[in-house]
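Colleague: I would like to learn how to read a structure. Could you take me through one, a feature at a time?

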Amino acid sequence: MTKRILAIDGGGIKGAFPASFLATVEDSVRANVTDYFDLIVGTSTGGILALGLGLGLSAEEIVQFYEESGPKVFGRRNAIRNLRRLGVAKYDNIRLRDALQSTFGDRKLSESKTRLVIPSLNLETGQVYIYKTAHHPKFERDYKERMVEVALATASAPTFFPTHRSSAGTPLIDGGVWANNPVGLAVVEAVGVLGWPKDSLRVLSLGCTSELLDVGSGRSWSLGLGYWGTKIVDLFMTAQSSASLSTAQVLAGHENVVRICPYAPRGRFGLDTHKEIDSLRGLGDSEARYALPRIRPMFFGEPAEKFVPYKQVGD
C-alpha cells in the first residue's frame with residue numbers, strides 16, 4: 001500500500017509560500033491535504049504549518065495565520081526595542097506565543113489527525129531533539145506536549161528568537177540548524193522507524209523559496225572569517241538541504257520524491273520580511289497550479305488510512 005509523506009522546510013515568514021501552495025491544492029481537490037498524508041514532517045515555520053495541518057486546520061486558515069500574525073510577530077517596534085540592547089535576540093517570542101496560543105489553544109500533540117515529526121536541538125547536550133506523535137510504541141512522552149510549546153521549540157531560530165525552555169527545563173532551539181529541509185529525516189522515519197517499504201513511499205517536499213548559492217571570491221581565493229562570516233550560514237543551509245534531498249531520493253527512489261522550492265532573486269524574500277506575504281501567497285498559488293497535474297495522481301487519489309496513535313492523553 002502506498003504511503004505518502006509531506007515534508008516542509010523552515011524559512012520564517014516565507015512559510016506563507018508552502019501554506020499558499022497547499023491552500024491552492026486543497027481548493028482543487030476539495031479536501032484538506034492532511035487527509036491524504038500518512039506522515040507530515042516540518043521544521044521551524046514548516047513545523048508550525050505541520051502542527052496546524054495535524055489539528056485539521058485548512059491550509060487557507062494557516063495562510064491567514066501568516067497574514068494576521070506575521071506583522072505582529074515581526075513588527076518593527078518589536079525589532080527596534082530588542083536591537084537597542086547589544087547581544088539580545090532580534091525579537092522576543094511573546095507575540096509569537098500569543099499568536100500560536102490563539103490558533104492552537106491548549107491542544108496537545110496527541111490530538112493530531114496524522115503522524116507528525118517536528119525537529120529541534122537540545123543546547124544542553126548538542127543532541128537532536130525531535131517531537132513525535134505516538135506513532136510507535138516506544139514514543140511514550142511527546143504526545144502529552146502542548147502544540148504551542150512544540151511550535152516554539154522548533155521555531156526558536158538563533159539571533160531571531162530567544163532559546164525556548166521546555167516544560168522540563170531543556171533549552172531548545174530551531175530544528176533548522178540541522179534539518180531545515182527535513183525531507184531526509186522524513187524518509188528515514190518512514191523506513192527506519194515505521195518500517196514502511198521503500199518502494200511504497202511517495203514524498204512531497206516543499207521549500208520556502210531559495211536563492212542560488214553565491215560565494216563570490218571564495219571559489220578562488222583563500223579568505224578568512226571577515227569574508228566567510230557573512231556567507232557561511234547560506235553555505236551550510238544549502239549543503240544541508242542538498243544532502244537531505246539526496247538521502248530521501250536514494251532511499252525512496254528519485255522518481256518518488258517531488259521537490260518544490262522555486263528560486264527567487266537574492267534578497268527578494270527575508271525570513272522576517274512580512275511585507276512580502278502577499279507576493280509569497282501569489283507565488284505559492286502559481287506554483288501549485290503548475291504542479292497539480294503532476295502531483296494530483298501521486299498524492300491526491302484515495303485518502304490515507306486513518307491514523308490511530310498508540311497512546312492518548314489519559315492512557
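Modeller: Gladly! Helices here are DSSP runs of H or I with at least four residues, numbered from the N terminus. This is a predicted model, where local features need pLDDT of at least 70, side-chain atom pairs count only at pLDDT 80 or more, and totals for chains, interfaces and linings use all residues. Residues are numbered from 1 along each chain as its sequence is written, and side-chain values use heavy atoms, with hydrogens and water left out.

Colleague: At what angle do α2 and α6 pack?

Modeller: Axes are lines fitted to C-alpha atoms over the stretch in contact, and angles run from 0 to 180 degrees between N-to-C directions. For α2 (residues 45–54) and α6 (residues 147–155), the angle is about 160°, with the axes 8 Å apart. α2 is therefore roughly antiparallel to α6 (over 145 degrees).

Colleague: Which residues in α2 and α6 meet?

Modeller: Look for contacts, meaning heavy atoms within 4.5 Å. G47, I48 and L51 in α2 meet M147, V150, A151, T154 and A155 in α6.

Colleague: How many disulfides does the structure hold?

Modeller: A disulfide is a covalent bond between the sulfur atoms of two cysteines. The structure holds zero, counting pairs of cysteine sulfur atoms within 2.5 Å. For C208, the nearest cysteine sulfur is that of C261, 7.1 Å away.

Colleague: Is C208 buried or exposed?

Modeller: C208 is buried, with a relative accessible area of 2% (buried means under 20%, exposed over 50%, with a 1.4 Å probe and protein chains only). C261 is buried too, at 18%.

Technical notes: Helix = DSSP H or I, 4+ residues; strand = E, 2+ residues; numbered from the N terminus. Parallel < 35°, antiparallel > 145°, perpendicular 65-115°, else oblique.
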